[in-house]
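Reader: I'd like to go through this model with you and ask where the labels come from. Could you show it first?

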Amino acid sequence: MKTSVKATLIAIAVAIVLLIAGIVFALSQRSSAPPAEGGEPQQTVRTDSHVLDEGGADAVTVVEFLDFECEACGAFYPVVEELREKYAGDITYVVRYFPLPGHVNSTQAAIAVAWLAPTPRSTRRSSAISSSPRSPSRSSPSPAPDPRRTHRAAPAASIPRRTPVSGDPMKTSVKATLIAIAVAIVLLIAGIVFALSQRSSAPPAEGGEPQQTVRTDSHVLDEGGADAVTVVEFLDFECEACGAFYPVVEELREKYAGDITYVVRYFPLPGHVNSTQAAIAAEAAAGQDRFEDMYHRLFETQAQWGEESEETPEVFRAFAEELGLDMAAYDAAVADPATAQRVQADKSDGERLQVSSTPTFFVDGEQVVLQEWDDLEEAIEKAVNG
């Protein structure tokens, strides 16, 4: 597992890096002004645009399209203020309106700032609104955002290039971004699939050898020959999924009779009130060589005793009576702590084998990843016939 975990983590890390790189690349390309119909880039600044900081002739022009009600813009506000202070004199910082649909007060907030724009208080008013996106304001005709811009969300920052750009720069960026994201997704999926495929193997014990899926006291329903494939099921008698697989398992036992050794182990799940009591009843029956009879009775009657709010050991005792068991021996076995310990021993083995749900199957020590009903049969078929 150590090798598989390392390989999986590396694959996922690479995928995440590529995904981030694709997003960063897309954002960096998006910052370029899109070309107009004539092939020249659109102008990001108009003569009436609001300038917060005026840099020199060689200053870099930074343009922010914002929505005063947008929480993201509010989150960026202190970042922007730090950058304005850090690059004072080196940048010309311009703010433009971009009220988003769905933000009820966004247009009114922009109008309030526009009213104050001719006065020195406009910058201060803008800061106040950014700090409190839902400040009330008066109504007036709405300022129309520039329809030629490609912004769809706020905040959007634009740093114009100093030289004209011909053609359509977005085509290259979109292609590169899609390729990077596609590669990232493929690697991520590959990493997950690889992890699942490696997880199906029985994990190594401390000595480096795989954990054993079968113990000498495990309950064997079908004994195959020396070359038989060993199929192990960790089950919970109250589990509905185990109940659904029960007829599937019975068909496979019949189909591959003589070719497989079928072993059943307990794995009572928390939350299933009667699961441990059902396993104890099966183990008590096993003491009288009647394990399989109780195994069938428990699954055939699951709907009668499953999903109860309290344990019902009397129901399982009635099953024992119906099966004609020695009731004195049955009662003694149920009361013996060793019986519950035997059930717990199976569950502990399952946990070491990374069993976390039921039913969980192992075919010759390899855990079967169940996604379709026929996955178990395919695994057995492959093991039996290669």
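Predicted model: local features only at pLDDT ≥ 70, side-chain atom pairs only at ≥ 80, totals over all residues.

Reader: Why are α7 and α12 called roughly perpendicular?

Author: Set the angle against the cut-off. Helix α7 (residues 275-286) and helix α12 (residues 337-352) pack at an angle of about 110°, with their axes 9 Å apart. Angles of 65 to 115 degrees count as roughly perpendicular, so α7 and α12 get that label.

Reader: Which residues of α7 and α12 meet?

Author: On the α7 side there are A279, I280, E283 and A284, and they meet T339, A340, R342 and V343 of α12. Sorted by class, that contact has 5 nonpolar, 1 polar and 2 charged residues.

Reader: Now the next pair. What is the angle between α10 and α11?

Author: Helix α10 (residues 313-322) and helix α11 (residues 327-335) pack at about 150°, and their axes are 10 Å apart. The crossing of α10 and α11 is right-handed.

Reader: Which residues make the contact between α10 and α11?

Author: From α10 you have F316, R317, A320 and E321, and from α11 M327, Y330 and D331. By class, the contact has 4 nonpolar, no polar and 3 charged residues.

Reader: Let's turn to single residues. How do you know that L221 is buried?

Author: Its relative accessible area is 9%. Buried means under 20%, so L221 counts as buried. L221 sits in strand β5 (residues 219-222).

Reader: What is L221 in contact with, leaving aside its neighbours within four places in sequence?

Author: R253, Y262, V264, F291, E292 and Y295.

Reader: Why is E307 called exposed, while D364 is called partly exposed?

Author: The cut-off sits between their values. Exposed means over 50% relative accessible area, buried means under 20%, and partly exposed is in between. E307 has 51%, so E307 is exposed. D364 has 46%, so D364 counts as partly exposed.

Reader: What is the phi of E307, and where is E307 found?

Author: E307 has a positive phi of about 60° although it is not a glycine. E307 is in the loop between α9 (302-305) and α10.

Reader: And what about the phi of D364?

Author: Phi of D364 is near 50°, again a positive value in a residue other than glycine. D364 lies in the loop between β8 and β9 (366-367).

Reader: What makes the peptide bond from T358 to P359 stand out for you?

Author: That bond is cis, with omega near -5°. P359 is in the loop between α12 and β8 (360-363).

Reader: To finish, how many helices and strands does the chain have, and what share of its residues is buried?

Author: The chain has 13 helices and 9 strands. Buried residues make up 40% of its 386 residues, and L221 is one of the buried ones. The accessible surface of the chain comes to about 21,200 Å², of which 56% belongs to carbon and sulfur atoms.

Conventions:
Residues numbered from 1 in each chain as written. Heavy atoms only, no water. Axes fitted to C-alpha atoms, helices over the stretch in contact; angles between N-to-C directions. Helix = DSSP H or I, 4+ residues; strand = E, 2+ residues; numbered from the N terminus. Left-handed = near helix turned anticlockwise from the far one by under 90°. Contact = heavy atoms within 4.5 Å. Nonpolar A, V, L, I, M, F, W, Y, C, P; charged D, E, K, R; others polar. Parallel < 35°, antiparallel > 145°, perpendicular 65-115°, else oblique. Buried < 20%, exposed > 50% of the residue type's maximum accessible area, 1.4 Å probe, protein only. Areas by Shrake-Rupley, 256 points an atom, 1.4 Å probe, with all protein chains shown as cover.
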